[in-house]
Amino acid sequence: MSIVVRTAAMSWPARVLSAAAILLGAWLVWHLLDWAVIRAVFRPDVQACQALQHQGACWGVVPEKLRPILLGHYPFEQQWRPISVLVGNLLLCLLAWLAGWRGVASAKGLMTLVAAVLAATVLMHGGIAGLPVVPFDAWGGLPLTLWLFAVSWLVSVPLAIALALARRSKRIWLKWPATAVIEVVRGVPLVTLLFMAAFMLPVLIPLEHPVPLVWRATLALTLFSAVYMAEVVRGGLQTVTQDQSEAAAILGLTWWQTQWMVVLPQALRSVLPALVGHGIGLLKDSSLVMVIGLHEFTGGLSLSLGGDPLWRPYYFEAYLAVGLVYAAMCLGLSRMGRSLEQSWVKGSH
């Protein structure tokens, strides 16, 4: 009813523009459906795709190149290991979703996440229980993307909190180094940090103790994430008034107990949307490791199609499929953040 009233109250130029926008949207939706569904080829038949002459989508490239896109150049005979990791992550996300995401931010939830990352690392690397060793630099695909994100996020959270507290400290020997680290790293693009980790860091490491490229890339991602997250946390700390710390001190709490039990819970709750947004950005930024030779999810796509002249013309469809997976993961993180925010708001009341 309200829409009808608003339409009746609109002037005729506004009505014409609205009608034109609706017609344009309908035209775009129809052509998209015609290309993506009606004329599309869904089976991995390269001749059928070539017959389309790009008048329809060739989704057959996805099942044809699914393994190299999803798993990169991980050894074929051992690919059951990263597949098990993906299935396990999916089950954990499903259980967390069924529980309403409430346990994710708890101590048990964090311990479960750490245990899952450690188990995935051991399973994919091997070297125990008769599993052959697969070098870190042979990892790839979606498991590598998730591993880079999880490890850099878990390590950057305590580092960011430490940097934020140090920058707010009245002690110069804490404040100035923390400020210098944050400002210097924030002023350098992530790609530059990745190149430094890939090509400059090995010069500083003894030859008898080489560090795999995956770990050096993780170090760059962690440092980049920590300095940006530190400023988010510092903004949250500024929302907590000084009288609450004074009241905690009167009750006999030490400085560490005050920060852990009074200040940080309130600060992190106030900046939860920003922290979730930072996590989504970190997940997408992990794809930049492709520039230093690590074939994560998007790198696995380039690896699988780059040397195949038959399927190479269908990069667009493959990138759309990868983009949909990234969108699903980012929507999952966003939904988790909203659920945690709602549960914390209810808990505060």
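Reader: Which residues of α15 are buried?

Author: In this predicted model, the buried residues of α15 are F297, T298, G299, G300, L301, S304 and L305.

Reader: What makes helix α15 a mostly covered helix?

Author: A residue counts as buried when its relative accessible area is under 20%. Helix α15 spans residues 297–306, and seven of its 10 residues are buried, so the helix is mostly covered.

Reader: Why is the link between C49 and C58 called a disulfide?

Author: The criterion is a pair of cysteine sulfur atoms within 2.5 Å. The S to S distance between C49 and C58 is 2.0 Å, so the pair meets the criterion and is joined by a disulfide. By this rule the count comes to one disulfide.

Reader: Why is the disulfide of C49 and C58 given its handedness?

Author: The torsion about its S-S bond is about 70°, and the disulfide is therefore right-handed.

Reader: Why is C93 classed as partly exposed, and what makes C330 buried?

Author: Partly exposed residues fall between the limit for buried, under 20%, and the limit for exposed, over 50%. C93 has a relative accessible area of 41% and is therefore partly exposed. For C330 the relative accessibility is 12%, so this cysteine counts as buried.

Reader: How many aromatic pairs does the structure hold, and why is the pair of W311 and Y314 called edge-to-face?

Author: The structure holds 14 aromatic pairs. Ring centres must lie within 6.5 Å for a pair, and planes over 60 degrees apart count as edge-to-face. The centres of the W311 and Y314 rings are 6.0 Å apart and their planes stand at 65°, so this pair is edge-to-face. W311 has a relative accessible area of 5% and is therefore buried; Y314, at 4% relative accessibility, also counts as buried.

Reader: Why is the pair of Y315 and Y319 called stacked?

Author: Planes under 30 degrees apart count as stacked. The rings of Y315 and Y319 have planes at 20° and centres 5.9 Å apart, so the pair is stacked. Both tyrosines lie in helix α16 (residues 315–348), four residues apart, about one turn of the helix. An α-helix has 3.6 residues a turn, so residues three or four places apart point the same way. Y315 is partly exposed, with a relative accessible area of 24%, and Y319 is partly exposed at 37%.

Reader: What links F136, W139, W147 and W215?

Author: Ring pairs link these four residues into a cluster.

Reader: Which residues lie nearest the centre of the second largest pocket, and which element gives the largest share of its lining?

Author: L165, R168, S169, W255 and Q259 lie nearest the centre of this pocket, which is lined by 25 residues. Elements giving two or more residues to the lining are α8 (141–168), α9 (172–186), α12 (242–250) and α13 (255–270). The largest share, six residues, comes from α8. The lining divides into 14 nonpolar, seven polar and four charged residues, and about 700 Å³ of space lies in the pocket.

Note on methods:
Residues are numbered from 1 along each chain as its sequence is written. This is a predicted model: local features need pLDDT of at least 70, side-chain atom pairs count only at pLDDT 80 or more; totals for chains, interfaces and linings use all residues. Side-chain values use heavy atoms; hydrogens and water are left out. On a 1 Å grid over the protein atoms alone, a cavity is a set of points where a 1.4 Å probe fits but cannot get out, and a pocket is an open set with protein on both sides within 12 Å along at least five of seven lines; lining residues have an atom within 4 Å of a point. Grid points are joined across faces, edges and corners, and a volume is the space filled by probe spheres set on the points. Ala, Val, Leu, Ile, Met, Phe, Trp, Tyr, Cys and Pro count as nonpolar, Asp, Glu, Lys and Arg as charged, and the others, Gly among them, as polar. Buried means under 20% relative accessible area, exposed over 50%, partly exposed in between (1.4 Å probe, protein chains only).
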